Amino acid sequence: MTGPARSAAGALTRGRIAVGGGIVLLVALWEAAGRAGLADGFVLTPGAAVAPLLDPADRGLYARAAASTFRAAALGLAYGGGLAMLAAVIADQVPVLRSAVDRLAALANSAPWVAVGPIVLLVAGADAGPVAIAAIAVFFYVFVATARGLSASSRANHEWFTSLGAGRLRRLTSLQVPRALPLVVEGLKLAAPAALAGAVYGEWYGAERGLGVLLVNGMRAARPEPIWAAALVCAAGGLVAYGVLAGVQLAARRYLGATIAGHAVAPRGRGALTVFEGIAFAVLAIGAWEAWIRLGQVSPLVAPGPDRVWDDLRDSPGAYLSAIGHTLGTAGLGLLIGGVLGVGLAVACWWSRVVAGLTVPGLVLLAATPLVALFPLFARVFGYSGGTVVVITSFMVLLPGFVYTRAGLEAGLAGHREMARSFGGGRRALFGVVLVPSALPHLATGLRIAAGSAVVAAVVAESLIGTAGLGVDFTYAYSLLQMPRAFGAAVTIIVVSLGVFAAFGAVERVVHRRFAPAP
Amino acid sequence: MGTDAPLVSVAHVGKVFGGRRRSVEALQDVDLTLRPGALTALVGPSGCGKSTLLRIIAGLERASSGAVTIDGAAPDVLRSRGDISVAFQDPNLLPWRTVASNVGLALKLAGREPDPARVGELLRTVGLDGFEKARPPQLSGGMRQRVAIARCLVTRPRLLLLDEPFGAVDELTRRRLNVELPPLWQARPTTALLVTHSIPEAVLLADEIVVMSDRPGRVVARVPVDLPRPRRAAQLHSPEFHALVDEVGDLLGVDRDAPASGDAPASGGGEAADRAAGGGAAGGGAADGSAADGSAAGGSAADDSAAAGARA
Amino acid sequence: MGTDAPLVSVAHVGKVFGGRRRSVEALQDVDLTLRPGALTALVGPSGCGKSTLLRIIAGLERASSGAVTIDGAAPDVLRSRGDISVAFQDPNLLPWRTVASNVGLALKLAGREPDPARVGELLRTVGLDGFEKARPPQLSGGMRQRVAIARCLVTRPRLLLLDEPFGAVDELTRRRLNVELPPLWQARPTTALLVTHSIPEAVLLADEIVVMSDRPGRVVARVPVDLPRPRRAAQLHSPEFHALVDEVGDLLGVDRDAPASGDAPASGGGEAADRAAGGGAAGGGAADGSAADGSAAGGSAADDSAAAGARA
Amino acid sequence: SGDDSADAAGGTTTIRFGFNWVHDIEWASWYLAEKNGYFDQHDLDVTLVPGGENTPAVSQLIAAGKVDIGVSSDELQIINANKQGGDFVVIGAMYQRSPYGLTWLTSSGITKPADLAGKKIGGLQGEQPRLDAVFTANGLTPKYTFVPMSYDPQPLVKGDVDAITSYSTNQTISLGLQGVKTKAITFSDFGLPSYGDLIFASRKYLTAHKQAVSGFLAALRQGVDANVKDPSSGVKALVDGYGKDAKIDEKYAAAANPAYIALLDSDYTKTHGRLAIDPAFMADKVFKGYRAAGEKDLPDVGKFVDMSYLDAAS
Ligand SMILES: Nc1ncnc2c1ncn2[C@@H]1O[C@H](COP(=O)(O)OP(=O)(O)OP(=O)(O)O)[C@@H](O)[C@H]1O
Ligand SMILES: Nc1ncnc2c1ncn2[C@@H]1O[C@H](COP(=O)(O)OP(=O)(O)OP(=O)(O)O)[C@@H](O)[C@H]1O
Ligand SMILES: [Mg+2]
Ligand SMILES: [Mg+2]
């Protein structure tokens with residue numbers, strides 16, 4: 001073996017050793033935290049956390065709970081993911097419906113679980129809750145990934161297909177779908193833990209069994225063991241799903257060629273009709289709501305009509321405005337902290353194989369762990385305060401920030417990298433000249449998803465432990481059965497979330513137009 | 001042939017690429033007809049709009065003005081029947097499919113029956129036997145372009161649009177292909193438009209040569225190539241051949257400034273001298289015409305000489 | 001020149017691309033030295049490993065066996081000083097930068113001072129004035145390739161590696177560039193390796209021509225081109241020039257089957273006939289040498305004729 | 001669910017019964033009624049639907065048609081639901097006094113409502129009006145910091161809050177089992193008396209299923225009696241049955257069951273049987289407390305409470 005070849009192999013080995021080191025570091029930190037009795041002894045050592053799972057008396061209990069939660073998550077992933085893919089295909093194939101489907105997808109992402117949960121439960125029933133919320137939780141990830149993937153084929157390839165008389169459907173099956181596969185799997189990697197989180201959250205709506213039930217009961221009984229054990233099983237399930245999908249992704253890349261791993265492509269442009277369409281969509285949504293109330297003879301106790309919600313909005317705009325301000329402030333702070341951390345970590349990982357090795361195990365764990373399900377755990381560790389809401393939001397943002405930055409840094413075309421190297425550009429130049437511009441489109445997409453997640457996370461966290469904000473307003477009003485106010489808060493959350501989403505969508509489009517022109 | 005209704009007619013086509021700050025006029029009032037069964041070559045300086053015109057004919061780009069009809073209808077009609085094949089300047093192969101399946105895919109897209117034998121035969125013809133199972137990223141630039149050529153012949157299209165199909169192919173292979181490919185599409189009469197850099201290649205292959213001007217591209221002249229077919233090497237050394245190469249070269253040169261004369265200090269009377277050189281070369285070719293007769297490549301050698309002389 | 005220590009030496013370089021199912025041996029025991037200040041041309045059939053060899057020399061690809069040293073060190077040393085410029089077969093422009101800033105970027109990457117004047121001058125030389133602010137997707141194929149050429153000259157590198165830099169450029173522009181570019185790099189003596197399809201181009205530009213065999217690429221011969229510089233058109237019509245084109249063509253032809261003779265049925269004795277044709281054409285060229293003297297392009301016209309004749 | 005004709009024909013009637021919390025020893029009587037076949041004896045097929053951390057109010061579940069009868073932790077929930085368009089009627093109450101109240105550490109020195117002034121009180125979002133009422137009902141101005149939290153009592157132990165809202169039968173006992181000494185005071189003790197786990201349904205449902213509802217109450221009473229007689233049977237029904245998958249702590253259940261049992265009886269139940277509600281007490285004492293807390297538009301007890309189903313059960 002020649003010198004350079006050996007050093008490359010050496011670098012690879014060093015990388016593997018670093019990953020091993022990262023895992024050891026993670027466990028060691030955990031052990032140390034457990035021994036130090038962090039959070040008043042709430043943090044258990046790994047051994048103590050695993051112990052209940054090994055206890056023969058409880059083994060069956062955890063197995064049943066895991067089976068039930070994993071089943072709900074899998075079903076939710078199948079339904080939500082399937083629907084999302086279908087929606088993305090429809091949006092791609094039927095231009096007339098494109099913007100409507102896009103909006104519906106954004107709506108699915110913006111709809112806060114706190115508000116959706118009760119309605120799902122009231123409409124679909126307690127048994128369907130975990131599956132339904134898991135499906136809602138994955139919908140957006142899969143939709144965005146599929147839509148991106150379907151539009152990732154180069155214009156030149158489309159033209160070749162067109163030149164041979166291939167219709168839309170042919171282009172879809174023979175060109176766009178294969179091209180989309182790696183991106184879809186990437187989306188599923190984020191969706192799988194989200195499905196688990198959704199299932200657990202859904203179980204808080206009165207499920208008979210499941211990891212979520214164990215989490216809540218453990219919390220109420222102030223016993224850390226079942227909480228940690230259930231969280232551990234949950235994270236393990238996420239890790240397995242994540243690992244399997246990473247394997248699939250690797251296989252897909254190998255089969256489809258490494259050349260199509262990344263490479264962002266400009267989303268289809270939207271015209272000046274946006275505002276008009278937005279209004280039309282709102283009118284339609286409100287119409288559907290009114291129709292549901294009237295035709296379904298829905299009790300005002302279950303859901304008020306749009307008119308009553310409107311009255312409440314009109315009567316106390318101040319209350320809504322201050323809640324909006326609070327929630328946006330929290331989400332913004334979380335977005336900033338989490339975003340900077342996520343992007344920074346991704347860059348550090350790119351820069352140093354050792355840093356990557358050390359941090360990746362922790363980040364994979366973070367990615368695979370259904371964070372929403374562990375909000376109570378966060379509250380316990382970080383305390384019941386507004387600060388914890390920001391911490392939770394930051395954590396929710398960190399991951400998309402990291403994942404998309406990482407994907408972006410990998411997306412620089414081989415030809416461009418070589419060009420930069422050939423002129424003597426070092427790593428720093430490569431980074432600044434090729435990688436950052438190539439990563440920007442991905443980053444913009446990640447930012448949009450992260451911003452949406454930040455609002456949703458802030459609202460959920462507020463509803464659990466916040467003192468002000470839209471999440472608080474919703475829960476407060478809901479528990480006192482003040483339905484117009486509760487729904488007013490829910491609608492406001494959705495509107496705020498959509499607004500944030502649209503704002504970052506505009507940023508994304510500008511960045512894409514500049515840095516990912518149609519190839 | 002002259003009495004046939006044209007298969008393709010391009011009428012007053014103009015194309016302006018509009019940016020926000022600047023716009024480029026790529027084509028200006030282009031008229032063009034392609035006779036059925038004929039091969040028309042399109043020559044012109046780099047950036048003059050050849051690719052753009054080809055894409056407009058294929059219906060892939062919209063003309064800013066004017067219209068294109070194929071068989072009396074919009075390009076889409078013929079295209080949707082899989083009767084057009086385009087070889088783009090970039091090969092654009094699907095990286096996840098093997099070479100053979102990239103070629104086979106064209107049949108499927110055009111709505112033809114799968115025909116592995118034909119696929120194999122074409123790959124052999126373009127010199128890619130043994131690479132049927134390879135994937136495009138594993139090929140050299142010239143090999144990729146040859147896959148694209150095979151891919152576009154496999155469907156036996158009625159209209160063949162070739163955009164510098166031999167740009168990345170070495171001259172030896174190119175000459176071989178120049179000889180071996182035409183019979184493949186002449187078997188079923190195919191109307192073809194070939195964008196090429198090489199005037200001799202154009203004269204060798206075409207029934208008519210359309211010469212375009214520098215940007216904005218206009219049709220400067222249409223030069224019929226009335227050399228008999230099949231074009232035997234002997235004819236290619238004929239004065240008629242060289243006269244044609246000459247003529248086209250002149251037409252191209254007319255619209256251009258005389259090129260810088262580089263390290264030759266005395267550059268006066270370049271154009272006239274060139275023509276003389278071209279004629280001389282042609283004469284030389286003709287003189288040994290009988291000796292070179294056995295070799296088609298020998299014929300095209302003479303073209304190059306003549307072309308270069310004419311085009312200075 | 002012969003006494004200089006080589007700037008680049010390639011010793012026993014082999015390259016095997018290994019897939020799981022199949023592996024391709026691209027290069028086999030390649031030895032090569034590039035003399036400082038000399039331009040070496042690399043010719044060989046498509047897919048024979050020319051691009052691969054170039055990339056190995058640039059240190060962008062790892063050889064499977066053997067070693068490359070530049071200036072006595074690994075390629076990375078010279079490269080990291082920005083003293084190597086590569087023009088890839090694909091232009092690889094950054095689509096988000098303007099034409100001018102793509103060219104200017106090379107200066108930045110190579111650690112040179114910004115030099116907008118030089119950038120503008122080079123863009124003018126390659127015929128892209130007026131397109132400084134355009135972005136690569138708005139350019140034609142030939143225009144993109146010309147940007148890549150300008151980009152690679154702008155840094156005044158010590159080692160210039162050119163991979164078919166004129167593949168997508170029309171012949172007229174190509175000839176002009178063939179004449180106008182060499183002075184740009186000869187000003188500061190630059191060692192260059194040029195992969196080209198065109199034997200006459202190789203003879204016109206190179207000090208030495210390295211001929212490679214079909215896959216797996218081996219060096220079949222090294223042909224020194226001892227024609228005096230600057231190469232005036234008159235010399236290009238000389239028998240020496242044609243003998244060289246002839247020789248290289250032969251060397252390439254030797255490793256290949258005689259190309260199919262296409263529609264010329266009697267193909268006996270092709271090779272001998274070709275050589276005769278080449279000679280004839282050369283003679284023709286020589287006969288009007290004085291007339292064509294004023295035009296460099298006229299000279300290269302003759303090359304083509306000779307090359308083609310020799311290479312059939 | 002069955003209708004009157006099914007009632008008349010004596011066929012089996014299906015009843016879905018909704019709890020407002022997860023499976024817990026709180027529902028021991030229901031478990032025993034089911035497990036010991038009392039529901040069967042009354043030709044009832046009863047499904048017990050647990051609630052959870054985030055479940056909507058039982059009144060909403062009834063309004064959405066997901067359950068037929070259910071419990072409410074106090075009267076105010078049902079009154080609020082009726083104000084929002086419901087027509088719910090109370091037909092009994094499991095506990096004569098609600099265990100709902102406040103818990104603090106014994107070390108905190110709090111003994112009376114006045115001691116709560118200026119303190120940090122943790123609770124669930126929406127509990128603030130009830131805390132306000134504690135102050136107003138005792139002639140004090142509400143003055144405290146509300147700290148929203150979930151059912152986790154840890155912040156109390158850590159000292160992040162001075163008191164938490166709780167069930168005297170729940171967190172206090174859990175903490176006690178962990179060696180944390182706490183004091184639990186119900187809101188009743190603070191002058192805000194209310195019944196606990198009131199059983200209610202919509203008027204429409206009740207009139208359509210008179211016989212089944214009475215049968216249900218009768219069976220439930222049998223369940224209550226069985227639990228009182230052998231509290232360990234209630235614990236067992238929970239731990240091995242309904243709570244099997246919820247990791248119920250048996251020690252806690254065994255300790256909490258007697259605490260719940262202690263709330264079952266009052267002077268009124270001695271004469272009117274268990275589950276009974278005294279309309280006069282509700283009108284005089286319970287509503288008085290609510291009124292003191294600022295509640296207006298309280299309903300007419302005669303229309304709000306209907307003991308006829310329970311009467312028919314005995
Ligand atoms: N998408 C585009 N946006 C703006 N300008 C464009 C676009 N495509 C082509 N052009 C411009 O149109 C002109 C013609 O381009 P075209 O690709 O047709 O040239 P061409 O004759 O094929 O040249 P070449 O021989 O170099 O391939 C060029 O000046 C180019 O800059
Ligand atoms: N990444 C790769 N993986 C596998 N095989 C490869 C790879 N790159 C090149 N090859 C093979 O190596 C051989 C040489 O390729 P190379 O690109 O060097 O040819 P070339 O001489 O430059 O040809 P051309 O004139 O067509 O550009 C080819 O047979 C090609 O299939
Ligand atoms: Mg072109
Ligand atoms: Mg190459």
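The model is predicted, so local features need pLDDT of at least 70 and side-chain atom pairs pLDDT 80 or more, while totals for chains, interfaces and linings use all residues. Residues are numbered from 1 along each chain, chains are lettered from A and ligands numbered from 1 as written, and side-chain values use heavy atoms, without hydrogens and water.

The magnesium ion (ligand 3) is held by OG of Ser51(B) and OE1 of Gln89(B), at 1.9 to 2.4 Å. Donors are N, O and S atoms within 2.8 Å of the metal (3.2 Å for Na, K and Ca); water is not among the atoms, so sites may look incomplete. Ser51(B) lies in helix α1 (residues 50-57) of chain B, and Gln89(B), 38 residues apart from it, in the loop between β5 (84-87) and α3 (99-109). Helices (H or I, at least four residues) and strands (E, at least two) are DSSP runs, numbered from the N terminus. Ser51(B) and Gln89(B) are both buried, meaning under 20% relative accessible area with a 1.4 Å probe, protein chains only.

At the interface, 21 residues of chain A are in contact (heavy atoms within 4.5 Å) with 25 residues of chain B. The two chains bury about 2,000 Å² between them, 60% of it on carbon and sulfur atoms; this is the accessible area (1.4 Å probe) lost on being put together, summed over both. On the chain A side, Trp160(A), Ser163(A) and Leu164(A) lose the most area, together 34% of what that side buries.

Between the chains there is 1 salt bridge, a side-chain nitrogen of Lys or Arg within 4 Å of a carboxyl oxygen of Asp or Glu. Arg55(B) forms a salt bridge with Glu159(A), with the closest N and O atoms 2.3 Å apart. α8(A) gives the most to the side of chain A that touches chain B, with 8 residues.

Key:
Buried < 20%, exposed > 50% of the residue type's maximum accessible area, 1.4 Å probe, protein only.
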